[in-house]
Amino acid sequence: MRPIVIGLCLVLGVLALPARADDASDRKNIIGTWKLVSVVYEDQETRQRTPVYGEHPRGYQIATPEGRWLALVTAEDRKVPQTDADRAQALRTMISYAGRYRIEDGKVVTKVEVAWNEAWVGGEQTRFIRFEGELLHIESPPMPHPNLAGKVVRVIVTWRRDA
């Protein structure tokens, strides 16, 4: 019985190695400045995808080697706010948060220290990550979105490495 247990432990240890190697690779690859390409919300019920910030949104994401994360996204064609209603609309046409991040199991997890949505502060934002050449795809799990009156969506964001 003992050799079987030892053998099983060795097999499980070997199987666990690729996940650590992937995390190390993801940790290295995510560092840098990324320019926004697209933001799509996928409705959890209908699976319909909508480019909610337009075809040409603007934004940057920065991941430092020291573990700092900053993401800022704004919709295309935003106007300079003149009224309180305009300022409220400006808030609804953006997303921004920052904090310390870690990479684990193909995800980036950010401990939010400051955000456009105060409800995120002190919590964690978890996003699935995938690299494709110079592109970084980041996807949220389905979640109620504060800019959509709590409608449940999956946020799919694509970034291009900024040279």
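**A cavity, a core and a pocket**

In this predicted model, three strands each contribute at least two residues to the lining of the largest cavity: E4 (68-74), E5 (94-104) and E10 (152-161). E4 provides the largest share of that lining, with 4 residues. The structure holds 1 cavity of 30 Å³ or more, and the space within the largest cavity amounts to about 190 Å³. Its lining comprises 17 residues, of which Ile95, Tyr97, Arg127, Val155 and Val157 are the closest to the centre. By residue class, the lining of this cavity consists of 13 nonpolar, 3 polar and 1 charged.

Of its 11 residues, 8 are buried, so E5 is largely enclosed by the rest of the structure. E5 pairs with E4 in the antiparallel sense over 7 bridges, and in this context Ala71 stands opposite Tyr97 of E5. Tyr97 is also among the residues closest to the centre of the largest cavity.

The packing of side chains may be considered next. The largest nonpolar core contains 29 residues, and those with the most contacts inside it are Ile30, Val39, Trp69, Ile95, Tyr97, Trp120 and Trp159. Two or more residues of this core come from each of strand E1 (32-43), E4, E5, E6, strand E8 (135-139) and E10. The contribution of E5, 5 residues, is the greatest.

Apart from neighbours within four places in sequence, Val39 is in contact with Thr50, Pro51, Val52, Tyr53, Pro57, Val73, Val155, Ile156 and Val157.

The largest pocket has a volume of about 180 Å³. Its lining is made up of Glu76, Asp77, Arg78, Lys79, Val80, Pro81, Asp86, Gln89, Ala90 and Thr93. These residues divide into 3 nonpolar, 2 polar and 5 charged, whereas the lining of the largest cavity has 13 nonpolar residues and 1 charged.

Key: Residues are numbered from 1 along each chain as its sequence is written. This is a predicted model: local features need pLDDT of at least 70, side-chain atom pairs count only at pLDDT 80 or more; totals for chains, interfaces and linings use all residues. Side-chain values use heavy atoms; hydrogens and water are left out. On a 1 Å grid over the protein atoms alone, a cavity is a set of points where a 1.4 Å probe fits but cannot get out, and a pocket is an open set with protein on both sides within 12 Å along at least five of seven lines; lining residues have an atom within 4 Å of a point. Grid points are joined across faces, edges and corners, and a volume is the space filled by probe spheres set on the points. Ala, Val, Leu, Ile, Met, Phe, Trp, Tyr, Cys and Pro count as nonpolar, Asp, Glu, Lys and Arg as charged, and the others, Gly among them, as polar. Buried means under 20% relative accessible area, exposed over 50%, partly exposed in between (1.4 Å probe, protein chains only). Two strands pair if DSSP finds at least two bridges between them. A nonpolar core is a set of buried Ala, Val, Leu, Ile, Met, Phe, Trp, Tyr and Cys residues joined through side-chain atoms within 4.5 Å. Contact means heavy atoms within 4.5 Å.
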